[in-house]
Number of protein chains: 2
Amino acid sequence: MRMKNRNSLPTMKDVAREAGVSLGTVSKVFNNIPVGEDYRKKVEAAAEKLHYEVNHYARGLKTNETLSIALLIPSLHHPFFSALTDEITACLMSRGYRNILMITNYDTEAEQKCLTLVHQNKVDGIIGLTYNPDLKVDASIPFVTIDRHLDPTIPCVSSDNFRGGQLAAEKLLSLGCKSLLFLRIGSDIYGEVNKREAGFESVCRERQAAYDSVILSDTGTEEPFFTYLKEHIKNGQMEFDGIFCNSDHLAAHVMAFLKQEGIRVPEDVQIIGYDGIRDYYSGRYHCSTIVQPVREIAETCVELILVKDRSSLPSLVLLPVHYAPGGTTRESVGS
Amino acid sequence: MRMKNRNSLPTMKDVAREAGVSLGTVSKVFNNIPVGEDYRKKVEAAAEKLHYEVNHYARGLKTNETLSIALLIPSLHHPFFSALTDEITACLMSRGYRNILMITNYDTEAEQKCLTLVHQNKVDGIIGLTYNPDLKVDASIPFVTIDRHLDPTIPCVSSDNFRGGQLAAEKLLSLGCKSLLFLRIGSDIYGEVNKREAGFESVCRERQAAYDSVILSDTGTEEPFFTYLKEHIKNGQMEFDGIFCNSDHLAAHVMAFLKQEGIRVPEDVQIIGYDGIRDYYSGRYHCSTIVQPVREIAETCVELILVKDRSSLPSLVLLPVHYAPGGTTRESVGS
DNA sequence: TTGTAAGCGTTATCAC
DNA sequence: GTGATAACGCTTACAA
């Protein structure tokens, strides 16, 4: 058996020689193209013997298919992002695709740079959870976004944020709250996530419930919330008795502040967050929350990115959310 | 300008034609091989105009370099794994490499299967945090493991587990503990992680402190610990006053159990865990803990995997840990 | 220096 | 159904 010049691996040519058939036949075997049964056997035996594996790079060069998808995600420190990444990766793998992971660190420039990197890599598609409102994406490569709209031709997958906001308001009201508050901090750019507020407010208005909302653009500090909250504490009594926070993360910070101010949760004020990722250590939710269907979001992204005919894709797919109690609401009271 | 047959992207040939130079010259420009200044200018202009990007697949086919590294990790739900993955990915990207992420789900077969997948993909190296004790790895491809030993020729990167165990014992003793306990649950196969116990015990013996330890193989339940602990509670009083848990995760479960039994932490018993990943929501440690240097581990893995001359690699690299109080120890007492 | 041409390991199009 | 052979887009001797 001849060794190739490099320390290199066997090629189809080697398999062909070993099996005593032609190169083309070997290729057909590995592409499930009909071939005489005896030939197939010989090829398979030879491949086995040589430990042959098809070279995806050579194949990709010919077919323009790489069986790999790039995922752009801001960070894996956020449990929602890491859960999403986990599910997307698993889902891709189960379909024979590889995930090229790119961490963008919430940096709009990094996002754009990743796209050119990925472009060089000739991936078959990109799934992106990004913050750059005017990300320049190459129309020639399949793209799916999570929570953000980039272009009407690019499908966006998200949880049903509007419904989530409604659910939160409905729940707080049914749990006996009389005066509601919505708190949000995050990116200024418009995304699906903004609809949480709209859903929340629609219920408040419909039921003629008192409510207020405070929206903070993402400056890195929640201080303004605390200033606001402080102004609304009179005689150690909170003016609001139900708070819907845009995320579980924000809810955690608000709870820490309230504790420090001597306001009890859920006795004095009930809180609902959004995301619904369970704490890894305790297995519990961090707070009562609107749970995002992480797996369904992941599966939908993967399905959409792999669709061959991209002429008639949905521009938006909304996946159902549900409410889960997590100790920051008084479930026994209302329902 | 001629359009290629497919909807395809410009190639070096196109750039060469556009710039009025030869194919080889274009290649040289993109590989930083000396070329006349005026030629370089022309090529760069043409590339810019055509939005040319080099095709990594074609290049990889020639050079046998793919600029991509595969990472095998059990899951991203575990905060330590997701933090590690985040850092490794960022580190790879900063060096112009891509991360092909593979989730193995703690499944030894999946681990092996990933390796063949990755083999096809012709990655330049593999970083693996795996559980399969007899993983068959191809010696021809650079490999670095985290926390496990596969083969003396394969570098293993880990935190200094022995020192971590020592630190935990030293800390508990200096905080006034008289009777120590070590608790561990996890994979049976021998890895660096096992040294936590040895370090802990070495200090206990040296200082002639009373201690016991309970080791559980990973059957999915911590019940036996609780049975054991229960047996050592007399009159609502715990026999041990200092517990070192193999992980923060285990510490969390032990704490939950103790709370349920009416044992107070840290008043009655002090607890130290291992890992030291801060809670994303509160920014705090989950417990007093031995902190693993996640970033350093990531950087070391990346450095080792990219080393060209693989003839003289260390077989083991231990990175320093430190202790961090996290509310489950009585810091004021001892130090 | 710059251009030319021979592969890298596949797939795909032909004749046979 | 099978076997040559020409691409795919690039790197790299080697020739000019």
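**Chains A and B: a walk through the model**

Let me start with one residue: A:Pro266 sits in the loop between α10 and β11 of chain A. Helices (H or I, at least four residues) and strands (E, at least two) are DSSP runs, numbered from the N terminus. What you see is a predicted model, in which local features need pLDDT of at least 70, side-chain atom pairs count only at pLDDT 80 or more, and totals for chains, interfaces and linings use all residues. Residues are numbered from 1 along each chain as its sequence is written, while chains are lettered from A and ligands numbered from 1 in the order in which they are written.

Back to that proline. A cis peptide bond joins A:Val265 to A:Pro266, with omega about 10°. In chain B, the bond from B:Val265 to B:Pro266 is cis too, with omega near 10°, and B:Pro266 lies in the loop between α10 (248–260) and β11 (270–275) of that chain. Another backbone detail is A:Asn32, which is not a glycine but has a positive phi, near 55°. A:Asn32 belongs to the loop between α2 (23–30) and α3 (37–50) of chain A. For background, most residues other than glycine have a negative phi, and most peptide bonds are trans.

Next, the layout of chain A. Its domain assignment gives domain 1 (1–38), domain 2 (66–159 + 294–319) and domain 3 (161–293); such bounds come from an automatic or database domain assignment. Taken over C-alpha atoms, the centres of domain 1 and domain 3 of chain A are 63 Å apart.

Now the sheet in chain A. Six strands form an open sheet in the order β7-β6-β10-β11-β12-β14, with mixed pairing. Two strands count as paired if DSSP finds at least two bridges between them. Which strands stand at the edges? They are β7 (210–217) and β14 (322–324) of chain A, each with a single partner strand, so one side of each is left without a neighbour in the sheet. From one strand to the next, the twist averages 20°. Strand β6 (residues 179–186) of chain A runs parallel to β7(A), and 8 bridges join them. Within that pair, A:Leu181 stands opposite A:Asp212 in β7(A). Helix α8 (residues 195–206) of chain A packs on the sheet, touching β6, β7, β10 (242–245) and β11 (270–275), and its direction makes about 170° with that of β6(A). On the angles: axes are lines fitted to C-alpha atoms, for helices over the stretch in contact, and angles run from 0 to 180 degrees between N-to-C directions.

On to how the two chains meet. How many residues of chain A are in contact with chain B? There are 44, and they touch 44 residues of chain B; contact here means that the C-beta atoms, placed from the backbone, lie within 7 Å. On the chain A side, α4 (56–63), α5 (79–94), β2 (98–103), α6 (108–121) and α10 (248–260) each supply at least two residues. The largest share, 8 residues, comes from α5(A). By class, that side has 17 nonpolar, 21 polar and 6 charged residues. Here Ala, Val, Leu, Ile, Met, Phe, Trp, Tyr, Cys and Pro count as nonpolar, Asp, Glu, Lys and Arg as charged, and the others, Gly among them, as polar.

A strand pair crosses between the chains: β2(A) and strand β2 (residues 98–103) of chain B pair in the antiparallel sense over 3 bridges. The bridge partner of A:Ile100 is B:Ile100 in β2(B).

There is also a helix pair. The axes of α4(A) and helix α4 (residues 56–63) of chain B come within 8 Å and cross at roughly 140°, and the two helices are therefore oblique to each other. Angles under 35 degrees count as roughly parallel, over 145 as roughly antiparallel, 65 to 115 as roughly perpendicular and the rest as oblique. The crossing of α4(A) and α4(B) is left-handed; that is, the near helix is turned anticlockwise from the far one by less than a right angle, and clockwise would be right-handed. A:Tyr57, A:Ala58, A:Gly60 and A:Leu61 meet B:Tyr57, B:Ala58, B:Gly60 and B:Leu61 there.

Last, α5(A) inside its own chain. Its axis and that of helix α11 (residues 294–306) of chain A come within 8 Å and cross at roughly 45°, in a right-handed crossing. The residues of α5(A) that meet α11(A) include A:Ala83, A:Leu84 and A:Glu87. This contact has 10 nonpolar, no polar and 3 charged residues.

Technical notes. Contact = placed C-beta atoms within 7 Å.
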